[in-house]
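Please walk me through this structure, taking the parts of one chain before the pairing of the two.

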Protein chains: 2
Amino acid sequence: MVVHSATLELDERVRARRAAGHHVVHLGFGEAGLPVLPEVREVLAGATGLNSYGPVVGSAEARGSAAGYFARRGLPTEPEQVIYGPGSKALLFALLSVLGGDIVLPRPSWVSYAAQAGLTGRGVIGAPISEVAGGVPEPNGLERVLEGARADGRKPAAMILTLPDNPTGTLAPAEQLEAICDIAQRYELLLICDEIYRDLVYHPERFRSPATIAPERTVVTSGLSKAMALGGWRIGLARLPDGRWGTSLRTELVGVAGEIWSSLAAPMQEVAGYVYSEPEEVVAYVSRGRRLHEAVSTAVHRVLVSAGARCRPPQAAFYLYPDLAPLRGRLAGTRVTGGTGLAELLLERHGVGVLAGTMFGDDPGALRLRVATSLLYGDTEEQRWRSLHSENPTTLPWIADALDRLRRALAELGKR
Amino acid sequence: MVVHSATLELDERVRARRAAGHHVVHLGFGEAGLPVLPEVREVLAGATGLNSYGPVVGSAEARGSAAGYFARRGLPTEPEQVIYGPGSKALLFALLSVLGGDIVLPRPSWVSYAAQAGLTGRGVIGAPISEVAGGVPEPNGLERVLEGARADGRKPAAMILTLPDNPTGTLAPAEQLEAICDIAQRYELLLICDEIYRDLVYHPERFRSPATIAPERTVVTSGLSKAMALGGWRIGLARLPDGRWGTSLRTELVGVAGEIWSSLAAPMQEVAGYVYSEPEEVVAYVSRGRRLHEAVSTAVHRVLVSAGARCRPPQAAFYLYPDLAPLRGRLAGTRVTGGTGLAELLLERHGVGVLAGTMFGDDPGALRLRVATSLLYGDTEEQRWRSLHSENPTTLPWIADALDRLRRALAELGKR
C-alpha cells in the first residue's frame with residue numbers, strides 16, 4: 001500500500017491555495033524557512049566541476065568531516081561508520097529495507113516512519129509517548145507493548161527514536177532515554193535515532209544520544225535540511241555503530257544504496273564536507289537559527305495555550321503538538337470529530353494549515369495537531385534574513401501578523 | 001537478499017588498485033568520462049539560493065522543459081507526465097516497487113534491473129536477446145518464455161527494455177521492437193524503456209521508442225548521466241504514459257518518491273530545466289560526445305575482433321559485449337571456466353578492468369564480458385576536453401596507449 005507523504009502533500013496544497021489568492025498561515029510543513037548561508041552557496045558554486053559517481057558511501061573527505069562532527073559531540077567516529085545519501089529519509093528507508101521483523105515507533109511520530117515501514121513490508125508496533133516529551137516511548141508502556149507484541153507472535157527488531165522530536169518539539173529526558181536503551185538491550189532491538197534536529201535543541205547541554213548509552217546497537221541519522229535550512233538540497237547521512245552489527249549493516253546498506261541512488265550528488269558531498277567541519281560562520285548561523293526557532297515557537301505556544309489548548313512547551317526545533325480537547329465543546333456545531341476534520345476546518349474556514357496528529361499515528365478521535373512554526377519567518381529572502389538577525393523576531397510585522405491571525409482563528413474556531 | 005551494484009563495486013576496486021600503484025585499463029564502469037559543459041556549471045552555480053523542498057515530482061519549469069524535449073522527439077508530452085528523481089535508477093526502483101507480479105528482463109541486461117527486482121520482491125523472468133542487438137528480447141524466444149512462465153503459475157507484469165542497450169552498445173531494430181510491443185499488448189505487460197543512452201545513438205534517425213508504438217503502456221526513464229556526463233549529479237526522470245495507466249502509476253510513484261527521496265535536489269532541477277530546453281551549446285556538446293564515443297568504441301571493437309573475439313558492432317553509447325569463446329583453448333592452462341574467472345584474470349594478471357557477462361544475467365559458463373570504453377578519454381580534465389574536441393581521438397597518446405595495452409593483454413591472454 002502506498003501512503004502519500006502527508007507533510008509534502010499539505011505543503012503543495014497550501015501553495016496551491018495561496019496561488020489561488022487565499023491567505024493561509026502555513027504551519028504545516030517542516031521546512032526550516034531560512035535562506036542559504038552565503039559561504040555554503042560558494043562551496044556549491046565551487047563544486048560544479050565534480051561529475052564522477054564516486055563511492056556509494058560518499059567521499060572519504062565528506063565522511064571524515066562528519067566523523068569529526070560526531071567526535072566533537074562525544075561520539076568518537078571512524079569515517080567508515082558514515083554513509084551519505086540524498087536525505088536522511090533515503091537512509092532510513094534503506095535501513096528499514098535491510099531489517100527483518102517489526103518496527104517499534106513512538107506514537108505519535110514523524111509521518112514517514114510508518115509509511116516507510118509499510119513500503120518495506122515491515123509491521124509497525126506503536127508505543128505511546130509520555131506526558132513529558134515525545135520522540136521516545138514511555139518506558140513502562142513500551143514494555144507492555146513489547147510483551148503484547150511477542151505474545152501475538154510478532155518480532156520487534158528495531159525501534160526508531162526522534163531526538164529531539166518531530167512532531168512534539170520536545171526532548172526526551174536522559175533518565176527516560178536510559179530506561180529505553182535498557183529495554184532495547186533486553187529485547188535485542190536495533191535503535192535508529194533520528195537526530196536531524198539535534199543542533200536545534202534550545203539548551204544543547206541537555207542533549208544525550210542513545211549512541212552514547214547503547215553504542216553497539218544505535219544507528220544515528222541526520223542531515224543538513226534543518227539546522228542548515230537545506231531541505232531542498234537533499235543531504236543526509238547515517239552513522240553506523242562501531243562493531244560487528246555496524247559492519248554488517250554497512251555492507252547491506254551499501255548494497256541497497258547502490259541500487260537505489262548510487263551516491264549523494266558529488267557537489268552536495270562537498271557542501272556536507274564543508275558544513276560538518278563546522279567553520280565559525282556555520283556555527284554562528286546554526287546558533288542564530290536556533291534562537292529564532294525558540295522565539296517564534298515559544299510565541300506560538302503562548303497563543304495556543306492562551307486559546308485554551310494543552311501543549312508541551314517547546315524545547316527544540318520549530319514544532320508544537322497542541323491538544324485542542326479543551327475546546328471540543330465549541331466544535332459541536334461543526335462536523336469535526338477528530339484531528340483530520342479539525343485540520344480541514346482550520347485550513348478551509350480559518351486559513352490555517354496544520355497537520356492532524358492522526359497523520360503521525362495518533363488516535364483519530366483526538367483533537368491533536370502538529371504545528372510547524374518555521375514558515376512564519378517571511379515570504380521573501382530579505383524578510384527571512386531579517387528574522388534570522390532580529391533580537392525580537394516576534395515583533396517583525398510578518399511574524400506578528402501571523403501570530404494575530406492564528407490568535408483570531410482560534411478565537412473564532414467553531415463559530416459560524 | 002542484497003546484491004552489491006557490480007559496476008560501482010568494480011569501479012571502486014579499480015580505483016583502489018590504481019591508488020596502490022598498479023596500471024589498469026579501466027573498461028569496467030559506465031561513467032561518460034567527460035568534463036562538465038561550462039554553461040551547465042554556471043547554471044548550477046546560479047541555483048545555489050534554492051533550498052525549498054518543492055513538489056515531489058519536480059518544479060513545473062523543469063517538467064515543462066522535459067516535456068519539450070520529448071515532444072521534439074515525436075512524443076507529445078504534458079509536464080504532468082514527467083517525474084524527476086535522484087537518478088533514473090531511483091525512479092526504476094520506485095516503479096518496480098509499485099508493480100505486482102514478475103519482471104521480464106532481456107538476458108543479458110544492465111546489472112541493476114535484476115538487483116532492484118530482488119530488493120522489491122519481484123521475480124525475474126529472463127528472455128534471451130537476439131544475435132543482432134541487445135536491450136530487447138528476441139521475439140520468438142520471448143513468447144516461449146512467457147508461455148512457460150505462465151504455465152509455471154508466474155505472473156509477468158512488466159518488461160524492461162534498454163534502448164539503446166547497456167551492456168551490448170546496440171540498438172534493437174524497429175521491426176523487432178514492433179514485434180515486442182505486440183507481445184506486450186497481448187500479454188498485458190507494462191513496458192519500462194530505459195532510454196538514458198538515447199541521445200548517444202550514432203545514427204539518431206534509426207532510434208524508435210516503444211512509447212511511440214505502445215504509448216498507453218510505456219514508461220520511459222532517462223537522465224543526464226550519460227549524454228551530459230553528469231553521473232555524479234544524480235539527475236533522472238520518468239515519462240509516464242498518457243492515459244489511465246499513466247495516471248495511476250503517477251499517484252503511486254509520487255507516494256513512493258515522497259517517502260524515499262522527497263524530490264530531486266532543487267539546484268539540480270534547475271540544471272535539468274536548462275539542459276532539457278536544449279540550447280545550442282548543449283546540442284553541440286552531446287553531438288561531440290556521441291562522435292567521440294563512436295570513434296573510441298569502434299576502435300576497441302576492432303581490437304577485440306582482431307584478437308579473435310566475436311562482438312556485435314557498436315551502434316550507441318560506449319559499450320561492447322564481446323564473446324571470447326573462440327579463445328577458450330588458450331585458457332586451458334588457467335582456472336578460468338566462465339565470465340567471472342575471465343574478468344578476474346584480466347584484472348589481476350593483465351591490468352584490464354571489465355565486468356563478466358554473468359553480472360548482467362548471462363550464462364556463467366560463457367566467456368562474455370561487458371567492456372565500457374568511456375574512461376579512456378583521459379585522466380585529467382584537459383585530456384578529456386582534448387578528446388572531446390579531437391578529430392581523431394584514437395590517435396591521442398592516452399587513448400592510443402590504452403588501445404595498445406588492451407591489444408597486448410588480449411595477445412598474452414592465457415600465457416604464463
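The paragraphs below treat the domains of chain A and then the interface between the chains.

This is a predicted model, in which local features need pLDDT of at least 70 and side-chain atom pairs count only at pLDDT 80 or more, while totals for chains, interfaces and linings use all residues. Residues are numbered from 1 along each chain as its sequence is written, chains are lettered from A in the order in which they are written, and side-chain values use heavy atoms, with hydrogens and water left out.

In chain A, the assignment (domain bounds come from an automatic or database domain assignment) gives domain 1 as 6–30 + 281–412 and domain 2 as 52–277. The centres of these two domains of chain A, taken over C-alpha atoms, are separated by 26 Å. Contact, meaning heavy atoms within 4.5 Å, joins 27 residues of domain 1 of chain A to 32 residues of domain 2 of chain A. About 2,500 Å² is buried between domain 1 and domain 2 of chain A, with carbon and sulfur atoms giving 58%; buried area is the accessible area (1.4 Å probe) that two parts lose on being put together, summed over both.

Turning to the two chains, 57 residues of chain B and 56 residues of chain A take part in the contact. Between them, chain B and chain A bury about 4,600 Å², of which 58% lies on carbon and sulfur atoms. Of the area that chain B buries against chain A, B:Asn51, B:Tyr53 and B:Glu259 supply 19%, more than any other three residues.
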